[in-house]
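Have the model open beside you as you read.

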Amino acid sequence: MIKLTNVSKSFETKKGTVHAIDDVSLEVAKGEFFGVIGYSGAGKSTLIRCVNLLESPTTGSVFIKDQDVTNVPAEELLQVRRKIGMIFQGFNLLKTATVYDNIAIPLKLTDVDKQELD
Ligand SMILES: Nc1ncnc2c1ncn2[C@@H]1O[C@H](COP(=O)(O)OP(=O)(O)OP(=O)(O)O)[C@@H](O)[C@H]1O
Ligand SMILES: [Mg+2]
């Protein structure tokens with residue numbers, strides 16, 4: 001269901017190139033649970049961000065349900081991402097809004113109708 005093949009990700013910084021992920025291949029079948037464990041800075045977040053293309057891999061490919069999503073156009077990528085749940089380390093919730101509104105705001109932006117939203 002999720003397949004990474006030879007995924008690497010490098011960042012160019014003022015201090016040089018940071019190789020955050022180096023040639024990672026893995027496969028997660030439907031219903032399987034995987035944990036990514038490593039020391040701070042090992043590349044865990046970068047790896048997970050590559051799954052939904054919040055980071056695009058420098059090399060390698062990402063497959064979701066057999067679809068190669070590595071280089072899909074931006075508009076199609078939005079559709080793919082909407083079907084992937086992700087819980088961020090920092091939730092970035094609006095503190096002055098209600099729980100309902102925090103959930104509703106992004107759905108309103110994607111034109112989900114009010115009845116479905118409720
Ligand atoms: N946007 C970026 N630009 C430059 N370097 C980055 C960027 N994002 C991550 N890195 C670097 O890539 C490496 C991996 O970072 P990452 O955040 O993926 O690690 P992590 O395993 O999630 O760490 P932590 O346990 O602290 O959350 C680190 O050296 C980090 O400084
Ligand atoms: Mg992290």
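Let's begin on the outside. Helix H3 covers residues 99-109, and of its 11 residues the number buried is zero, so this helix lies largely in the open. Keep in mind that this is a predicted model. Following H3 comes aspartate 111, which has a positive phi near 65°.

Now for the sheet. It is an open one with four strands, in the order S2-S1-S3-S4, and the pairing is antiparallel. S2 and S4 are the edge strands, each pairing on one side only. Helix H1 packs on this sheet, where it touches S1, S2 and S3, and its direction makes about 60° with that of S2. As background, strands of a sheet pair through backbone hydrogen bonds, either parallel or antiparallel.

Inside the sheet, S1 and S3 (residues 59-64) are joined antiparallel over five bridges, while S3 and S4 (residues 67-68) run antiparallel with two bridges. Some of the partners are listed here:

| Residue | Partner | Strand of the partner |
|---|---|---|
| Lysine 3 | Phenylalanine 63 | S3 |
| Phenylalanine 63 | Aspartate 68 | S4 |

What makes up the largest nonpolar core? It has seven residues: Leu4, Val7, Ala20, Ile21, Leu47, Cys50 and Val62. S1, S2 and H1 are the elements that give two or more residues to this core. Leucine 4, one of the core residues, touches Val24, Ser25, Leu26, Gly60 and Val62, leaving aside residues up to four places away in sequence.

Finally, the ligand. Which residues are around ligand 1? They are Phe11, Thr13, Val18, Ala20, Gly38, Ser40, Gly41, Ala42, Gly43, Lys44, Ser45 and Thr46. By type, this shell divides into four nonpolar residues, seven polar and one charged. Strand S1 (2-13), strand S2 (16-28) and helix H1 (44-51) each supply at least two of the shell residues, and H1 gives the most, with three. Ala20 belongs both to the residues around ligand 1 and to the largest nonpolar core.

Methods: Residues numbered from 1 in each chain as written. Chains lettered and ligands numbered in written order. Predicted model: local features only at pLDDT ≥ 70, side-chain atom pairs only at ≥ 80, totals over all residues. Near = placed C-beta within 6 Å. Nonpolar A, V, L, I, M, F, W, Y, C, P; charged D, E, K, R; others polar. Buried ≥ 20, exposed ≤ 12 C-beta atoms within 10 Å, placed from the backbone. Core = buried A, V, L, I, M, F, W, Y, C linked by C-beta atoms within 7 Å. Contact = placed C-beta atoms within 7 Å. Pairing = 2+ DSSP bridges. Axes fitted to C-alpha atoms, helices over the stretch in contact; angles between N-to-C directions.
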